[in-house]
Amino acid sequence: MAFNLVKFARDVRAEAAKTTWPSRKETLQTTGLVLAMVIVTALFFLTVDQIIGAVMRALFGVGS
């Protein structure tokens, strides 16, 4: 099966024409949601880490 560069380029162009891009509003909303979830996740893991650290210090009496 031979590779036809012209056909491939035509197919790529046809598929690219079907692409729909989000609006500016949708992009900002999605970005805001992702940032909010990153912050929530970071706070969750910070809290869990602090709890585990406190338990370890209480059990073994080591750590800062």
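Helices (H or I, at least four residues) and strands (E, at least two) are taken here as DSSP runs, numbered from the N terminus. The exercises below concern a predicted model.

**Exercise 1.** State how many helices and strands the protein has, and determine how its radius of gyration compares with the globule rule.

*Solution.* The secondary structure consists of two helices and zero strands. For 64 residues the globule rule gives 11 Å, whereas the radius of gyration of the protein is 25 Å, well over that value, so the protein is more spread out than a compact globule. Along the principal axes, the C-alpha atoms fill a box of roughly 70 × 40 × 15 Å.

**Exercise 2.** Describe the burial and the accessible surface of the protein.

*Solution.* A residue counts as buried under 20% relative accessible area. By this cut-off, buried residues make up 2% of the 64 residues. The protein exposes about 6,200 Å², of which carbon and sulfur atoms supply 71%.

**Exercise 3.** Compare the span of helix 1 with the expected span, and identify the residue that caps its N-terminal end.

*Solution.* Helix 1 covers residues 5-17, which is 13 residues. From first C-alpha to last it reaches 18 Å, close to the 18 Å expected at 1.5 Å a residue. The N-terminal cap is Asn4, with a side-chain oxygen 3.2 Å from the backbone nitrogen of Val6.

How values were computed: Residues numbered from 1 in each chain as written. Predicted model: local features only at pLDDT ≥ 70, side-chain atom pairs only at ≥ 80, totals over all residues. Heavy atoms only, no water. Rg over C-alpha atoms; globule rule 2.2 N^0.38 Å. Buried < 20%, exposed > 50% of the residue type's maximum accessible area, 1.4 Å probe, protein only. Areas by Shrake-Rupley, 256 points an atom, 1.4 Å probe, with all protein chains shown as cover. Expected span 1.5 Å × (residues − 1). Polar contact = N/O pair within 3.5 Å; in protein donor to acceptor, adjacent residues only side chain to side chain.
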